[in-house]
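Here is a short briefing on one protein model. Look over the sequence and the coordinates before reading on.

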Amino acid sequence: MESEKIILKTTSYCVNIAGNKVDSLRSKQDLQTVVRVYDGQNVGIAGAIGETDEDALYRAAEQKLSQNIPYPEMLDENNTRTENTIKTIIAPEQFVKTCKQLIARLEKTYPDFIFSNKIILGTKERSYENSKNTKYSYAVANC
């Protein structure tokens, strides 16, 4: 039996600006895991949000093979590729301070304007691996 695992991780920090002031900070981390198993003719899929027991996910996917969902197995073999384009522009612990400095500068430069909106700093990471020795990963800043 062959298998695949896909993991998506997102991290974001969002500062809300209202009336030239930093109003709030939202910090969010999401983790999604999906596994697929193939018996040569059919596919079984299971997924979870948050930290999970991957062995339990594989067992759940194997049980779903009994649903007889036909799907051809087309897995890459013996490939590895990693792309990481994340560069630290602002450290998360400096994000609010930097946003406050930006708003103060904008307020001084443009005193007739009122600034309101959101400033978002984040990353996305996606990884894929299968039972035929293939691993891919990709990470990008999501600003």
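Is E83 buried, partly exposed or exposed? E83 is partly exposed, at a relative accessible area of 33%. The model is a predicted one.

**Salt bridges**

- The structure holds 7 salt bridges.
- E83 pairs with R81 in one of them, and the closest N and O atoms are 3.3 Å apart.
- R81 is exposed, at 53% relative accessibility, whereas E83 counts as partly exposed.
- Salt bridges with shared partners join K5, E54 and E129 into one network.
- Within that network, the side chains of E54 and K5 meet at 2.8 Å, N to O.
- K5 is buried, with 10% relative accessibility.
- E54 is partly exposed, with a relative accessible area of 28%.
- K132 and E77 form a further salt bridge, with 3.9 Å between the closest N and O atoms.
- K132 belongs to the loop between β5 and β6 (134-141), and E77 to the loop between α1 and β4 (80-84); the pair therefore ties together parts 55 residues apart in sequence.
- Both ends are partly exposed: K132 has a relative accessible area of 22%, and E77 has 48%.

**Aromatic pairs**

- A pair of aromatic rings is described by two values, the distance of the centres and the angle of the planes.
- The count of aromatic pairs is 4.
- Y110 and F113 make one of these pairs, with 6.1 Å from centre to centre.
- Their planes stand at 80 degrees, and the pair is edge-to-face. The label follows because an angle over 60 degrees counts as edge-to-face.
- Ring pairs link Y110 and F113 with F115 into a cluster.
- Y110 is partly exposed, at 41% relative accessibility.
- F113 is exposed, with a relative accessible area of 51%. The cut-off for exposed is over 50%, so F113 falls in that class.

**Largest pocket**

- The largest pocket holds about 200 Å³ of space.
- Its lining has 13 residues, and the closest to the pocket centre are I86, I90, P92, L121 and T123.
- Two elements give two or more residues to this lining: β1 (2-18) and β5 (117-130).
- Strand β5 gives the most, with 3 residues.
- By type, the lining of the largest pocket divides into 8 nonpolar, 4 polar and 1 charged.

- T33 lies in strand β2.
- T33 is buried, with a relative accessible area of 3%.
- Neighbours within four places in sequence aside, T33 is in contact with K5, I6, I7, A46, G47, A48, T52 and L57.
- K5, one of these contacts, is also the salt-bridge partner of E54.
- N42 is placed in the loop between β2 (21-38) and β3 (43-49).
- N42 is buried too, with a relative accessible area of 11%.
- Which residues does N42 touch, leaving aside its neighbours within four places in sequence? N42 is in contact with V37, L65, N68, I69, P70 and Y71.

**Positive phi angles**

- N20 is not a glycine, yet it has a positive phi of about 65 degrees.
- N20 lies in the loop between β1 and β2.
- N20 counts as buried, at 8% relative accessibility.
- N133 has a positive phi of about 65 degrees and is not a glycine either.
- N133 is found in the loop between β5 and β6, the loop that also holds K132.
- N133 counts as partly exposed, at 48% relative accessibility.

Terms used
Residues numbered from 1 in each chain as written. Predicted model: local features only at pLDDT ≥ 70, side-chain atom pairs only at ≥ 80, totals over all residues. Heavy atoms only, no water. 1 Å grid on protein atoms, 1.4 Å probe; cavity = no way out; pocket = protein on both sides within 12 Å on 5 of 7 lines; lining within 4 Å. Points joined across faces, edges and corners; volume = space filled by probe spheres on them. Helix = DSSP H or I, 4+ residues; strand = E, 2+ residues; numbered from the N terminus. Nonpolar A, V, L, I, M, F, W, Y, C, P; charged D, E, K, R; others polar. Phe/Tyr/Trp six-rings, centres within 6.5 Å; stacked < 30°, edge-to-face > 60°. Buried < 20%, exposed > 50% of the residue type's maximum accessible area, 1.4 Å probe, protein only. Salt bridge = Lys/Arg side-chain N within 4 Å of Asp/Glu carboxyl O. Contact = heavy atoms within 4.5 Å.
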